[in-house]
Amino acid sequence: MNVCKKSLMAVALSAVVFAFSCVAQTSDFDSDNVNVNVLANPESAEVYADALNAYSKNDWKTSIFLFKKLHSNQNNITPESLYMLIMAETYSGQYKYAVSDCDLFLKKYPSNEYAPLVIYQKGKDLYQINDYEKSILVLNDFCHSYPKHKLYSSALFWIGESFYATYNFDSAKSIYERIVVEYPDDSKARDAQFRLDVITQRSREEKLLYLLKQTGEDYLSSKESYEKTLRQYQVENSVGVNTQLRELRQQNENLDNSLAAEKKKNAELEAQLKGYEADLSKAVQNLKGKADEALELLNSMED
């Protein structure tokens, strides 16, 4: 297949595939067909066709590479090719590059038919890189400039998401409520209602945490008072116990002294008793000797 035929085929393919692939990737995308201009340069047309083919297969890495290769020549940049590059970068998660190319698009083609989509996409990509303040500003400009656009409710939702991500729940709640009330059939209405339920539940949890905190502070205060009283009692009790111990030790020492004195007396009494027993034994022996002498004298007199 020659280059010319390939480029013409890419033109026909892109008009159908681009809309289909974008719708498949995100419900926020405007599904109107993208009209791809034929490039005069055959070599550039071939690169463009290959980029479209990669895009149709969701091969974002290859598609991005080829679109950037195409755009290396400023004359090859078209609103359509630049917009498709932005979407490919977004789908592949290269949000910072997508934001940069959004700025390039809006600078080159501020009045182009895809400009509203690019502004919207820039706001979403800023949200993805956590630049919530800028995301709110960009999407707010989109809503102000295009109040009848089909992506208006989606832009509101992402504004609400940015508020939610920065813990500005009151502002987020008002945005979500507006979506639910004004766009009940929109695909974002259910997501907005879910966020409202989460915010309501969070509010309940915060109130509960506040009550628990108050209760906890009261408990800690009571606990601190109790522990202080207990420490004071323990100190006082310790002083009393120490006094009692000293008194008991003194009493024990006195008892030990008394016991020692009694033992000494007992020892002296035992010594005295032994002396008495010895004297008594000696006296008995003397009396027995005298009795024996008297008996012998009596026997001799009888003879």
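Mentor: Start with Lys68, whose charged end sits over the ring of Tyr97, 4.6 Å from the ring centre. "Over" is geometric here: NZ of Lys or CZ of Arg has to be within 6 Å of the ring centre and within 35 degrees of the ring normal. Keep in mind that this is a predicted model, where local features need pLDDT of at least 70, side-chain atom pairs count only at pLDDT 80 or more, and totals for chains, interfaces and linings use all residues. Residues are numbered from 1 along each chain as its sequence is written, and side-chain values use heavy atoms, with hydrogens and water left out.

Now the helix around that lysine. Helices here are DSSP runs (H or I, at least four residues; strands are E, at least two), numbered from the N terminus.

As for the packing itself, helix 3 (residues 60–71) and helix 4 (residues 79–91) have axes 9 Å apart, at an angle of about 150°. Those axes are lines fitted to C-alpha atoms over the stretch in contact, and the angle runs from 0 to 180 degrees between N-to-C directions. The crossing of helix 3 past helix 4 is left-handed, meaning the near helix is turned anticlockwise from the far one by less than a right angle (clockwise would be right-handed).

Tyr91, in helix 4, is buried because its relative accessible area is 17%, and the cut-offs are under 20% for buried, over 50% for exposed and partly exposed in between (1.4 Å probe, protein chains only).

The structure holds 14 aromatic pairs, and Tyr164 takes part in one with Phe169: the ring centres are 5.3 Å apart and the planes at 70°, so the pair is edge-to-face. For reference, rings of Phe, Tyr and Trp (its six-membered ring) pair if their centres lie within 6.5 Å, with planes under 30 degrees apart counted as stacked, over 60 as edge-to-face and the rest as tilted. Tyr164 is buried at 15% relative accessibility, and Phe169 is buried too, at 14%. Elsewhere, Tyr127, Tyr132, Phe157, Trp158 and Tyr176 form one aromatic cluster. Tyr127 is also touched by Ser135, among other residues; Ser135 is in helix 7 and is buried, with a relative accessible area of 0%.

Zooming out, the chain comes to ten helices and zero strands, and buried residues make up 33% of its 303 residues.

Key. Contact means heavy atoms within 4.5 Å. Lists of a residue's contacts leave out its neighbours within four places in sequence.
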